[in-house]
Amino acid sequence: MSFFGGSPTNNVDKRRYERLTLSIKQTVLERAHYRCQKCSRKFRGDIQPHFEHINGSLKDNRPINLRALCQQCFKLVEKKENRKGMLGNMRNTFEGIFGR
């Protein structure tokens, strides 16, 4: 089984999910009923969605790996979101253990 969920009999085209396209965003928003998936605030003109990568890979833009958040909720994960990946995960772990 691959990182993107494919298996030898069910391959997933990784290139399809390398970019966060408008159609992927639309799929995530429809699944979330156009609401923040943390606080349930409804998205509208002044409240725009931001997208969190759940598994930490910024290249994995499968809808199942994305969560629609309002700006306030995204601020709570933004620092972590910008530092995801192997080194970012290690850094976050050490900060959790030793503090800043």
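Modeller: Welcome! A disulfide is a pair of cysteine sulfur atoms within 2.5 Å. Keep that in mind as we look at this predicted model.

Biologist: Happy to! How many disulfides does a search of the whole structure find?

Modeller: For cysteine 39, the nearest cysteine sulfur belongs to cysteine 36 and is 3.7 Å away, so with a limit of 2.5 Å cysteine 39 is in no disulfide. Cysteine 70 is in no disulfide either, with the sulfur of cysteine 73 as its nearest at 3.6 Å. Searching the whole structure gives a disulfide count of zero.

Biologist: Is cysteine 70 buried or exposed?

Modeller: Residues under 20% relative accessible area count as buried. Cysteine 70 has a relative accessibility of 1%, so cysteine 70 is buried.

Biologist: Now for charges. Which residue meets glutamate 52 in a salt bridge?

Modeller: Side chains of opposite charge can pair when their charged atoms come close. For glutamate 52, the N to O distance to its partner is 2.8 Å. The pair links distant parts of the chain, 15 residues apart, with glutamate 52 in strand β1 and the partner in strand β2 (residues 66-69). That partner is arginine 67.

Biologist: What is the relative accessible area of aspartate 60, which forms a salt bridge with arginine 62?

Modeller: In this bridge the closest N and O atoms are 2.8 Å apart. Arginine 62 counts as buried because its relative accessibility is 17%, and a residue is buried when it is under 20%. Aspartate 60 is buried too, with a relative accessible area of 0%.

Biologist: Where is serine 40 found?

Modeller: Serine 40 is not a glycine, yet it has a positive phi of about 70 degrees. Its relative accessible area is 44%, so serine 40 is partly exposed. Serine 40 is found in the loop between α1 and β1.

Methods
Residues are numbered from 1 along each chain as its sequence is written. This is a predicted model: local features need pLDDT of at least 70, side-chain atom pairs count only at pLDDT 80 or more; totals for chains, interfaces and linings use all residues. Side-chain values use heavy atoms; hydrogens and water are left out. Buried means under 20% relative accessible area, exposed over 50%, partly exposed in between (1.4 Å probe, protein chains only). Helices (H or I, at least four residues) and strands (E, at least two) are DSSP runs, numbered from the N terminus. A salt bridge is a side-chain nitrogen of Lys or Arg within 4 Å of a carboxyl oxygen of Asp or Glu.
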